[in-house]
Amino acid sequence: LVNVSKVPEDIFMVIRVVTLIRGMLAAFACDLSCSLVWEPFARRALAKYNVACPVPEGMVASNNPVHGGGARPPLTRRMSGIFRDMRRVAHWMQTKGLPHNRQALTPMAVHGVTSIKRLAELALNRDPILDSALARFTAGDQERAKALATEEFKEQVWQEWREQAQRKERELEQEAPLMGTISEGRPVAAVKKKSRIARWLRIK
């Protein structure tokens, strides 16, 4: 955070205007980015006075941890990536018969819920942020979205575990001829481990 007393006077009014505009956009559920609108004008002004721009074109600097994968340092992410992620979310919502228009999904993007996996994780943790992220869903649609996302997420996790176990089983079969053997030429350790994996695979 920046101490207000250290903000240059000629910048302070700009900050106030930005804050007001952001408030109005949030109130009307608009996902317009002010920085993207005035970016070309700012770049032309910097070029006019031969000032190097610290941010590459098409990039938006962000310190918000929800814009990245778990790290806290300052992050930079293309806005187009967020729009791409939200298009995927919109398609998933549409296939499930859930609200999928921009007005309904904007709060999700604002709160960093830009994937079905993230939605499922928050639902499993009963994170109260979902009350805001799904604020434009009816109560029934909120519960359906959470349940469907959670079910799909659990199925994906289970499939990953199953594939890992199958790969490990194949590895043990390949290693068996190279290890010490007992009856029928099968290694003690490999036999026991393969047996445990086989039992685990039969659970499903």
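**Ground rules.** I number residues from 1 along each chain as its sequence is written, and my side-chain values use heavy atoms, without hydrogens or water. As the model is predicted, local features need pLDDT of at least 70 and side-chain atom pairs count only at pLDDT 80 or more, while totals for chains, interfaces and linings use all residues.

**Entry 1: helix α2.** I took helices from DSSP runs (H or I, at least four residues), numbered from the N terminus. Helix α2 covers residues 34-48, 15 residues in total. I looked up its reach from first C-alpha to last and found 22 Å. That is close to the 21 Å expected at 1.5 Å a residue; the expected span is 1.5 Å times one less than the number of residues. I also found a kink of about 35° in α2, centred on P40. The bend at a residue is the angle between axes fitted to the seven residues ending there and the seven starting there. Just after α2, I noted that N50 has a positive phi of about 55°.

**Entry 2: salt bridges.** My rule was a side-chain nitrogen of Lys or Arg within 4 Å of a carboxyl oxygen of Asp or Glu. The count came to four.

- R43 bridges to E39, with the closest N and O atoms 2.9 Å apart. Both sit in helix α2, four residues apart, about one turn of the helix. E39 is buried because its relative accessible area is 16%.
- R84 and D85 meet through their side chains at 3.4 Å, N to O. D85 counts as buried, at 11% relative accessibility. R84 is partly exposed, at 39%.
- K146 pairs with E143, the closest N and O atoms being 4.0 Å apart. I placed both in helix α7 (residues 139-175), three residues apart, about one turn of the helix. K146 is buried, with a relative accessible area of 17%.

**Entry 3: nonpolar patch.** I found a nonpolar surface patch of about 230 Å², made by I11, V14 and I15. Patch residues have over 30% relative accessible area and no salt bridge; like charges are joined within 9 Å, nonpolar side chains (Val, Leu, Ile, Met, Phe, Trp, Tyr) within 5 Å. Areas come from the Shrake-Rupley method with a 1.4 Å probe; for residues, only the protein chains shown count as cover. I11 lies in helix α1 (residues 9-27). I11 is partly exposed, at 39% relative accessible area.

Definitions and conventions
Helices (H or I, at least four residues) and strands (E, at least two) are DSSP runs, numbered from the N terminus. Buried means under 20% relative accessible area, exposed over 50%, partly exposed in between (1.4 Å probe, protein chains only).
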